[in-house]
Every structure is written in C-alpha cells, then in structure tokens.
Amino acid sequence: MEANRAARTALPKAKGKHYTTCGNACGKKVEGEFLRLDLLRLPNSPSGAQLLSQAGVWNPRTHTVQMVTRKTLKIGDKLRRVRLPLLAAILSLGGALAFGVEATSLASKRAAKAKAAQHETPRVTLKKSLPATPWRTWTSHEISQKEAELVAYAAGAIEIREQNGRTTTVRLESLTPEDREFAQKANRLLPGAFVPPSEAAAQIDALVKAGLDKAGLKLNSPTAEEQFVRRIYLDVAGRIPTATEMQVYLRDESPSKRARLIDDLLHSAGYNSQMFNWLGDMLRLKDDFGKGVLSFVYQEWIKERLEENTHWDTFVYELLTAEGRISSTGPVGYLLRDRGMPLDNLSNTLTTFLGANVACAQCHDHPMAEWTQRNFYEMAAFFGATAQINDNKAAIKISRGILDKKMARVILGPNMAKVDTLPENRMTFPADYAYKDAAPGETAHPHWISWTKDQTSSGPDFPGGIAEDPEKMRDQFAVWLTNPENPRFARAIANRIWKKLFGLGVQEPISDLDDPNQASNPALLKHLADEMKRVHFDLREFQRIVLNTAAYQAQASVTPDLEAGPYMFPGPVLRRMSAEQAWDSILTLAIGTDLDSYKLSRADGVRKMDIPEDPPSPAAMRAKAEMLEKEKTRRSERDIYTGGTPPRSGRLTLARASEIQQPARDAHFLRNFGQSDRMIADSNSVEGGVTQALLMMNGDVQNIVMGNKSALMQGAMAYSDPRKQIGHLYLSFLGRNPSEAELSFMQQQLAKDFSIGDLAWAFLNTREFIFVQ
Amino acid sequence: MKEFTSRLDCLERRAFMERCARLALGVTVLPAFGAAKEQGAEPQTSAPQVKPSGFGSAKHIIFLQLRGGMSHIDTFDPKEGKSKGPKGALSTKAGFQISAFLPNTAKVAQEICVIRSMTAKVGVHEAASYLMRTGYDPRGTIKHPMLGAWAQHYLGTSHASIPSSVCINGNADSGNGFFPATYTPLAILDPSEGLQHAQNREGIGRVESRLDISREVDRAFLEKYPDSNVGAYNAFYDATVRLMKSSDLKAFDLSSEPQAVKASYGESDFGKGCLLARRLLQAGVRFIEVKSGGWDMHNNLEEGMEEGPGAEFDKAYAALILDLKSKGLLESTLVVVATEFGRKPEFSGSGRGHYPKVFSTVLAGAGIRRGYVHEGSDALGAEPVGQGVTVGNFHATIGWAAGLPLDQPAVAPNGRPFSVGNRAQPVAAVFA
C-alpha cells in the first residue's frame, strides 16, 4: 500500500496490552507494548475518502514489531485536522488506544476549543525526542564497560559500535535496566528508520565528497579540537565556551567526546536561546505589533515549543492554523504579524517555508519562473475566510467613560488582535487583474499550485477536491504545506539548517528554490530533504546528524566567490559571529555561565489583560482597570525575569539576545552588529562597520569585559602567575592556548605599562575573536 | 502553457511572455529598457540624447528614503473623485497641488520638482527598496552599490577623516555594494545620540598602542585566512582610528544647534536625522541617507499621515529646504525624496495596498528646476502619463547632477560592468 500521507508518533504508555494482528499473523493476539500509530491514506480507494490507521506493537516475546488492527476511517468533517494535532490529542488522552480516532478527534478538538474559550493556551504538541545521547557507556555482564554508540536493535539484542569502529552485539537481558530502557526508547522513537547518527552523517559526507570530486576538490583537513569546541559552542549554544568549559573538554580523553559534546549542547539552554534568535530573524519576531498589541504570549509559545523540541511540521502547522486572541493563544502571532496584509503574509509563508520565489506573482505573472498571479490568488483563497482582526470598534465604544485613551490601549489592545474564521471565502482577484482567466473582483477559489519538472508531486489531494468550506480551507492549506510529500517543505528547511551550520545553503538564495538544478549539489540537497523527512522534521536530530559530519568538522574556508562557481562545502565558511553570537559571547566573558539562567517572562502581563467575552463588558473593563491601578507601584511587566535578575551595566541588561527586547532598540550593540530590525525576513547581517569598531574600542562592552568584576577578569586574577593569566585570556577569548612565542610577547607587554585589562581590550578587538573558524 | 514555456530558454520564455502579455492583455510586463538590456542592445531612453544641463551641480546629496511605500495620492499627486483619500489638496504658489496632509511642504512647493510619473514593476518591499537604493534589481550573487559609493568611486573621498557617506536611522545595508568595504556608509542609528563612543577616555594614543597588541594576536589568524570579510574588518579599524582623530567629530553632535532650529525640524528621529544631515554636509560629507519608517499604510493611512511619519516628514522636509536655502547650501545640495513604490488608487477606507506602476519622487536644489512637476499620472493615479520615469532614469538623473560619468561603467570584482542607473538616461527636463 502506498502511503501518501503518513504521520507517525510514539505513544507513551499502555505497555503490555493485547492487540490483534493483521498481515501474516492475521488474527492472532499478541501482547505488546504500543509503539506508534500510522495514518495512511488510500490513494484510490473506492469510497474515495478513506484513511487506514495501523499501529505497530513491540512484542517482547518475539522481539519483533507487528502491525495490528487496521481500521478504515472516513475523511470528512469529523476528521478535518487529521494530522499531528489529532495524534497529539490522542496522546493527551494518555494511551486511549481504542482506535476511536473519529470520536476522539472530534471530542478532543471540541475540548481544545472549549479550553481556548476559557482562555487557556491549547496545548497540542508532540513531545518526541531522542534520548540525550546514543553515545553512552554500556554496562553488561557479558562485556566489560564500553563507550559506544547504539547502531542496531534487533531480536533481543543490540549492536553497539565504538569510536574505533569495532562493533559488538550484546543481548538485551545482559544489560543494566537503564541501558535496556535506553535502547528500547531509542528504537521506539524512530521505528523502522533508525539509522545511527554516525552512519547518517557518513551518508551525507559521501554526497559532499562526490560533489567535491566532481569539481576536483578535496575536503579541508579536520579541525583541531580547540577550533571544533569554539565553533560548536557558537553554532549550537550560541556563545563561546568559557575557559573552564574548554579545559574540561580538552582534558576529556574519551574517543567519542566530539559526539558527546554535540549531544550535550543540543540539549542545553543555550540551544533553545540560539534557535529562538534564528527564528526571530526568519519570522520577524517583534515585541510590539502596534496599537497596544504585544506579542509576548506568542514569543513564550515559541520558546516552549523549542524547549519541547516540537517538530518543524507541527510547529508550522500550528502557526498557520491557530485561532484566537493574541492575549491567550500564542501561535496566532504568526498571522497577526502581518495583519491587514494577508497577501504579504502568504508571500512570506511560501518563501520562508517552501523557498518559493512567489513575491512577484502577487502583482503579475512572474517574468522568469512558473508562478502566475492566478496561482498566487488561488493560494491566497485558502485564507479567504480567515480574519486577522486588529480593530475592535465596539469595544472602544463601550470603553468610553470607563477607560481613558491610554488605559483603553493597554487593556483593549491585547484583546483586539485575533484570528477568526469568516462565514465565507472573501478572497477576490485584484481590481487591476490584467489576465483573461479571471475578472477583477471575481472570487478566487482555493487551489494548490503543483510542482513541475522533477518536483513532479502535486502534493496530497483531498478526495473529491478541495472543500471550499470556510472552516476547512486554512487547515487544508497547512496540511498541504507541511506535508512530508510536499517536495518543497522538507527541502526548504533542510537547506536553511545547512546554511545555519555551514554559512551557505546547498542552494542559494534559500528563499528561492524554484529551480532544483540551481543547487550547488542537487543530490546532496535531495538527500538532506529525505533525511529531514526520515527524522520527522525533528530539527534537533537533523542538526545532530549534520554536526557529526566530517564536512562540518573540517577546517573553515574563506568566503568563496560564488560568481566563479558554486561552493562545494569542503568545510564551513569562515563567518563573522552573528550579532546574537557576539553579544552572548561578550556576556559570557562578563558574567560567565550564569548567563544561561536568566529567562525573560513577560507573557503573564499580557495574559492578565485577556477578556474572553466579545465584546468586553463594562464590568470586565472596570475589573482590569482596577487591577492595573493596584499594581501601579510595581515594576514594569516588561522586565520580569525568572532564574534571577540579570545584572545591568548602564542602559544594558546583561541577558542573552533572546531574553531582551525583540528586536533590540535601535542603537543597541545587537543592532549595530547587524541584528535584523525584523521588518524583512532573513535580514540579519554580518557586515562590519566603523560604528562596530567604535563600540568594541570605546563602548560599554569594553567596560563590562575589562571591569574588575567581570567573570573574565576574576578568572584571570585568580592566578598569580602572569603566564597563567595570559593563558586564561587566550582560552576565554579565542578558545585556544597561546604558543610559547605568544606567551613571551604578552609577558613583555605586561612588563611595559599594560595591565591584564589592557590585554583583554586587545583580545576583544581581534579578528580572531569576532570570526568563527 | 506552463510546460511549454518551461521548455524555452530564459530569453525566449521572457520574450514569449511579454509578447503574450502585449497581444492578449494590452500590458507591458517589462519596463522599456528591460528587454532590450537582455539582448545587449542600447537601452531605450525616456529622455532625449542631448546632454542635459546641471552636470556636477550637486556637491552633496541628501537622500530621504521613505520606507514602506509612500502613497503618491496622499502626498505629491493628490486626486479628486474615485481615488481621493481622507484629505483634499492644497494649492501652492508653484501652481501645482499638494495633499492637505503636507501643509508645510506645500509652502516650499516653489523650491521643489515633483516627478509624478515614476514607474516600476515590483510591489514587494525588499526587492523594490533595493532597486530604489541601488538602481538595480536584487541578484543572489552580487551586491550593487548605493549612490554614495558610486560617487566615492568616481570622485574620491569627500573628507579626509570622516566617511564620505553616512546613513541615518538605520544600518548601512551593504551600501558599498561591490566596492571596497571602506565605502560603506557610516551608520547613525539614533541621530540624537550622534556618533556614539567616538572617544576613548584613555586617549587615542593608548588605543593605538593596544591595537598593536591586537595585531600581534591576530598575526597567525590573518595569515591563515586571506578572507575578504576579515580584510574589510581590518580596513574598518583603520578608518575608525582616523575618525577618532578627526577634528570634525562635532558635526555629529546636534546639541550645539540653536533650540529654534531644532524645533523647526521637529522632535522625530526623521527630523533630527534631517538636521544632522545638514550638519554633516556642512562638515564635508558627500552623501547622506536619512531613513523614515512606517509608510506601509495598509490600514492606518489617516493616522499615519496626520500624526505619524507623514506629519514628521512634512515638518522636517520643509524645514530642511528652508534651512539649506537660508544658509546658501541648496544651490550645491540635491535633496531627494525616494520611496520603494506608491499605493493603490483604491482607498479601502483605512488605507491603500502596494502600487509600483505609478508613484512620485521629489528632487530639489542643485541645478534642479524649481516649482516644477515632471509628467504625471492619469485621473485615478493609476497609470503614468508621458514617457514615465524608471528607477534607472531616476538614478541616472541624480548621478548626472552629482557629476558621475554615466557612460563609464565600473567593473565589479566578478568582471562584469555596472553603471549608475543601469545604463538608463537621465531625465533632462528636470534640470533648470
């Protein structure tokens, strides 16, 4: 059976249940642990609208996975959100595996809506995460302790592989209970498709090598440990390592320490912070949406999703389909970011998530690509019944005499912005529509574009065509866009992650993938997209694989001349730190790893303003006004932190870029170093400039790094030996030890009238500090 | 048709589509010079081949960039009837009308030249503002320079120690293009703070001797990575030290301006930016871009024009023109009002959508005809009337005024020739 649409997940509980099998062992009852649920659409089923569900069961007695209990489900009104949120809803019921999918989905959907009405954030997310590391020290009475990676899991045994390539088979029973559980969990989470990260990385390396061979090039030599550690901290945790972190790593003699560091950092607080910055640039995250509308609940929602490692497809689906007020429902922030501009929003959506260069088609047929203006409006029609409301005249009217203008803004602002569904599709072709296939002002009907050339898939069709039902249209669009079978969704995000780690996408620009042959290495990009699907859009897992490649761990190349030919990835490109990496790194020098604990927490201030009634009653308005009055003496809601209050220096709050204003204020260090103003997607810049040099030489940052209280200076002063003090500076700023010549040069400087603080200033103003090798 | 066209090569497909569009729809997909350029032929011109006057009359350029797309109908090209916005028009001494949203600007109408027949094809902010800043469409593989960098290429630096180009209220956004990184405009993110951190409390001598240590630390790194971006950073540090030593740093400080002057420009960042621009050009900076945000008025046009960027612009622009005039600087300074596109003739009740087909820009000062409207738009403000002025023509016009050789291309590092205005002709009629 061809699975057009499959969605998998693992269910947490319900061990040891009885299931009825199908397939070869049809009709037999097995006792097993529930592994996963698959929903598979029948492509040409006679009834035209059927889904099969099937479950995998792990049978501990036979050590095999069996398919059990197929059931045909009809797609229709009741299953309109049949994808991951449905499964998540099942999950939330805690292992209710009666396959009452139809009933469950509806009930849970309603429950979720009712919940939302009680202004609680509906939690429909999947927690699906691989164990912290497949590298571990395995203990079994059959073998001595071995540090190795889990390679395979079959027939009551596991195969593990050590760093030197030696593999060993160990029976499950011989393992300690912890190791056994670990192996089972790893196997369960990527059933049938479990490829050890080192093998997955090797597959990528083979394709990189093929591309290099063709161009007559070779992979750069491997990075030294010191280069690797600094790079991986910056790329994964968003900051440089401290001197202590460097020392701990360099002292570690474990052969697999690189893989382990990758795993540790992927599960660190810094990872979430760094990913938030990356999304901030991509999604144009801004605190202030105007007219009293603040996006704090949206930002908090994103941070929670990052913490839970919500997979990319689920994440994007939620952004596109959420409904409700911005004061209570986080993901509506995505559509409300462009409220009043639904066409621009769609253009951004297609460009960001599919790499579709569709912006021209908003106004006319694309002159060079396949996009027509009709295509664009037909896609916009999926949002034709979606209202991005930002005005609440009725509420303002009621508020007269109760709230003054300022209060009305504070209290009604958060309640004014919401995403809602209209009774009908109101998308029409524009008044200046100049083509013969539709008249200006005529209603545009929803229709997906289909991919041409070698991206032949037309994406999943709903049986019987697209339902032009206001309640369903946006959902259908989101299902189509985020579908694994949509050839562009996986490709676009895989290419973005690649760029994030290598400095360039396999295909550039990342916002235009319309011609797949423009990729520098098309086979590599295709494989990366396949890998993205294989790991079910788990960005953390995907990054883990890429970080383990020899290509990523090779020496950096200088900025390539792309006019001379495509870059074939002999290693990552030498990059200047991003604005956020530079800021977070300087704060690491200033306050050390305390930095990772300060978390901005501003959503409650907005949530408190939430008024579920529409329009808000005078009583509710009065209650909010009174509440505000009472709290007047308290500090602004905008500066509330959990995990301690970050130190300040002058106007600067010494918290990570992800934990201050979004974007930072105009003349802030971050903006000087190229943080996007969040007006245009993907516009972070790593260009230099005179103002940056001024900041580094004369600005606040020199004070916070050179000051006696800084973590850096305290660390250096803990030594009395000047050679060790100098060594501390080298490790802290550059992540390496000085050569003997460098040591003696620095000692000479100290003998002149330079202090350790002067040397720190000098390090701060080196290229070696601000560039990432 | 999709499949058929995909089999054609780029040029054929483009020509085919254009022909289809012309025949079947009566529209031109590409601006006049676009198709010709593709075949390497001489571009069609929207101006006579005679050399206009005014070459080199602009010693300084102030480029006011209104980000988001200024509504031509609610500013410099007011309409009655179907397209009319929330406010009517004011008559001016110059004999043309200006929207009642701009009462101060209307009073200086006799000093300015409005181009009402600007025409472009891209209605997307990013691509359109790139075109308006550089005269070229964005490409994945090359960055095109802004006019300040072009001028520095042909005319050299305008000052020994402070940059020849400055960008106020925003980052420099690759303003140097493919020219050396030192051509990058100096970014002043907040005009009231001026140039921050221009001094080190321990003195420039100390700074320079510490930088010697930095250089020593970097020695191996610089040898290992002969990288263009690293090289750019080296150049920035050198330029920064020169700047710190400059005696003209006070030009960046607004505090010495009389209160009455400050008040005339207004308290907005844009107003302060315009005042700072005037100070900088007096000190010898050649090209100053001042950005104003918030012109993307989809649903808040009246508020935005009356209280927001519209009102801020009106006050500051009129003050700038009068101030330059009274100081005798307008004769040698070209003041440009630019925006990425116009806004739709249909007024939704709260705002207007993007509209590149026709929009307005304004020139004033150095060699430009005073109190003049160049061409126009139809009764709805929907179509250009006359030859139309492309962004390329517009850039060529500014380049001509600045004395840049439009017919001498610069060769980019990739070996390809580029020129100011992308080989379009300047608009002769706007010169006095």
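View 1. N309(A) counts as buried because 22 C-beta neighbours lie inside 10 Å; a residue is buried if 20 or more other C-beta atoms lie within 10 Å of its own, exposed if 12 or fewer, and partly exposed in between, with C-beta atoms placed from the backbone. This is a predicted model, in which local features need pLDDT of at least 70, side-chain atom pairs count only at pLDDT 80 or more, and totals for chains, interfaces and linings use all residues. Residues are numbered from 1 along each chain as its sequence is written, while chains are lettered from A and ligands numbered from 1 in the order in which they are written. N309(A) is not a glycine, yet its phi is positive, about 55°. Look for N309(A) in the loop between helix 9 (296-308) and helix 10 (312-321) of chain A; helices (H or I, at least four residues) and strands (E, at least two) are DSSP runs, numbered from the N terminus. H536(A), also a residue other than glycine, has a positive phi near 55°. The loop that holds H536(A) runs between helix 18 and helix 19 (539-547) of chain A, and H536(A) is buried, with 23 other C-beta atoms within 10 Å.

**View 2. Two cis peptide bonds in chain A.** E508(A) and P509(A) are joined by a cis peptide bond with omega of about -10°. P509(A) sits in the loop between helix 17 (487-502) and helix 18 (522-534) of chain A. From Q662(A) to P663(A) the peptide bond is cis as well, with omega near -15°. Here the loop lies between strand 19 (652-653) and helix 23 of chain A.

View 3. Strand 8 (residues 157-162) and strand 9 (residues 167-171) of chain A run antiparallel and are joined by five bridges; two strands pair if DSSP finds at least two bridges between them. I158(A) has V170(A) in strand 9 of chain A as its bridge partner. Four residues lie between the strands of this hairpin, where G165(A) has a positive phi near 95°. Elsewhere in chain A, an open sheet of three strands has the order 12-14-13, with antiparallel pairing. Strand 12 (324-325) and strand 13 (386-389) of chain A each have a single partner strand, so one side of each edge strand is left without a neighbour in the sheet. Strand 12 and strand 14 (residues 418-421) of chain A run antiparallel over two bridges, and G324(A) faces V419(A) in strand 14 of chain A.

**View 4. The eight-stranded sheet of chain B.** This open sheet has mixed pairing and the strand order 6-5-7-1-8-11-4-12. Strand 6 (186-188) and strand 12 (372-374) of chain B are at the edges with a single partner strand each, so one side of each has no neighbour in the sheet. From one strand to the next, the twist averages 15°. Within the sheet, strand 1 (residues 60-66) and strand 7 (residues 287-292) of chain B pair in the parallel sense over six bridges, and I62(B) stands opposite I288(B).

**View 5. Helix 13 of chain B, lying across the sheet.** Helix 13 (residues 391-401) of chain B lies across strand 1, strand 4 (112-118), strand 8 (333-339) and strand 11 (359-365), running at about 165° to strand 8 of chain B. Axes are lines fitted to C-alpha atoms, for helices over the stretch in contact, and angles run from 0 to 180 degrees between N-to-C directions. How many residues of helix 13 of chain B are buried? The count is eleven of its eleven residues, among them F394(B), H395(B) and W400(B). G403(B), with a positive phi near 80°, follows helix 13 of chain B.

**View 6. Where chain A touches chain B.** The contact takes 55 residues from chain A and 62 residues from chain B; two residues are in contact if their C-beta atoms, placed from the backbone, lie within 7 Å. Helix 24 of chain A gives the largest share of the chain A side, seven residues. The predictor gives the complex an ipTM of 0.77 and a pTM of 0.76.
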